[in-house]
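Dear colleague,

I am handing over the structure below, and my notes on what was found in it follow. Could you look through them with the coordinates open beside you?

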Amino acid sequence: MGFERGDIVEILNKEEGLKGSYYPANIISRVSNKDYIVQYRTLLEEDGSGPLREFMSIDRIRPTPREIVADTFRLSEVVDAYDRDGWWVGKVIGKTGSKYVVHFKGTGEKIAYSLDRMRVHQEWDWKNGVWYFG
């Protein structure tokens, strides 16, 4: 699967402390069959001069997941929580009032989120070009 200029995608972050988080971006241009220039929708250049642009390999780019409306989550369910300008993969470990407590394995953090800052976690299968629940 390839991407075209203007496509809205998500970029997998592999940096220490940010591993497993996804950030919304747009495809700016294709450099080769496996490489692109992307522009983040939520991250800025270090000097704050504008949206961050990066060279990115296709193995770190995925389409934006389809929207699945959820009005509740179960204990131990894997979810994405929106925090620090991106989507972070975690597991529901409890509920406090109307918020869900999510544990993030990579950082060890446990943070409560309202339903509007969470989504159903989905993984992208590159080989078959389909989403599945992970």
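**Salt bridges**

At a relative accessibility of 44%, Lys14 counts as partly exposed, where buried means under 20% relative accessible area, exposed means over 50% and partly exposed lies in between, with a 1.4 Å probe and protein chains only. Please bear in mind that this is a predicted model, in which local features need pLDDT of at least 70 and side-chain atom pairs count only at pLDDT 80 or more, while totals for chains, interfaces and linings use all residues. Residues are numbered from 1 along each chain as its sequence is written, and side-chain values use heavy atoms, with hydrogens and water left out.

A search of the whole structure gives six salt bridges, each being a side-chain nitrogen of Lys or Arg within 4 Å of a carboxyl oxygen of Asp or Glu. One of them joins the side chains of Lys14 and Asp59, at 3.9 Å from N to O. These partners sit in distant parts of the chain, 45 residues apart, with Lys14 in the loop between E1 and E2 and Asp59 in the loop between E4 and strand E5 (61–63); strands (E, at least two residues) and helices (H or I, at least four) are DSSP runs numbered from the N terminus.

Arg74 and Glu77 form another salt bridge, at 3.7 Å from N to O, in which Arg74 is exposed at 58%, whereas Glu77 is buried at 15%. The bridge between Arg119 and Asp80 has an N to O distance of 2.8 Å, and it links strand E10, which holds Arg119, with strand E6, which holds Asp80, across 39 residues. Both ends are buried, Arg119 at 15% and Asp80 at 0%. Through shared partners, salt bridges join Glu10, Arg62, Asp80 and Arg119 into one network.

The chain contains zero helices and 12 strands. Its radius of gyration, taken over C-alpha atoms, is 16 Å, close to the 14 Å that the globule rule gives for 134 residues, so the chain is as compact as a globular protein of that length; the rule is 2.2 Å times the number of residues to the power 0.38. Buried residues make up 37% of the 134 residues.

Beyond its neighbours within four places in sequence, Val38 is in contact (heavy atoms within 4.5 Å) with residues including Ile11, Ile27, Leu52, Met56 and Ile61.

Ser21 belongs to strand E2 and is buried at 0%. A polar atom of the Ser21 side chain lies 2.5 Å from the backbone oxygen of Leu18. Not counting residues up to four places away, Ser21 touches Ile11, Leu12, Asn13, Trp87 and Trp88.

Strand E11 (residues 122–125) has a covered face of Gln122 and Trp124 and an uncovered one of Glu123 and Asp125. E11 pairs with strand E12 (residues 130–133) in the antiparallel sense over four bridges, where pairing requires that DSSP finds at least two bridges between the strands. In this hairpin, which has four residues between its strands, Gly129 takes a positive phi near 65°.

Terms used. Polar contact = N/O pair within 3.5 Å; in protein donor to acceptor, adjacent residues only side chain to side chain.
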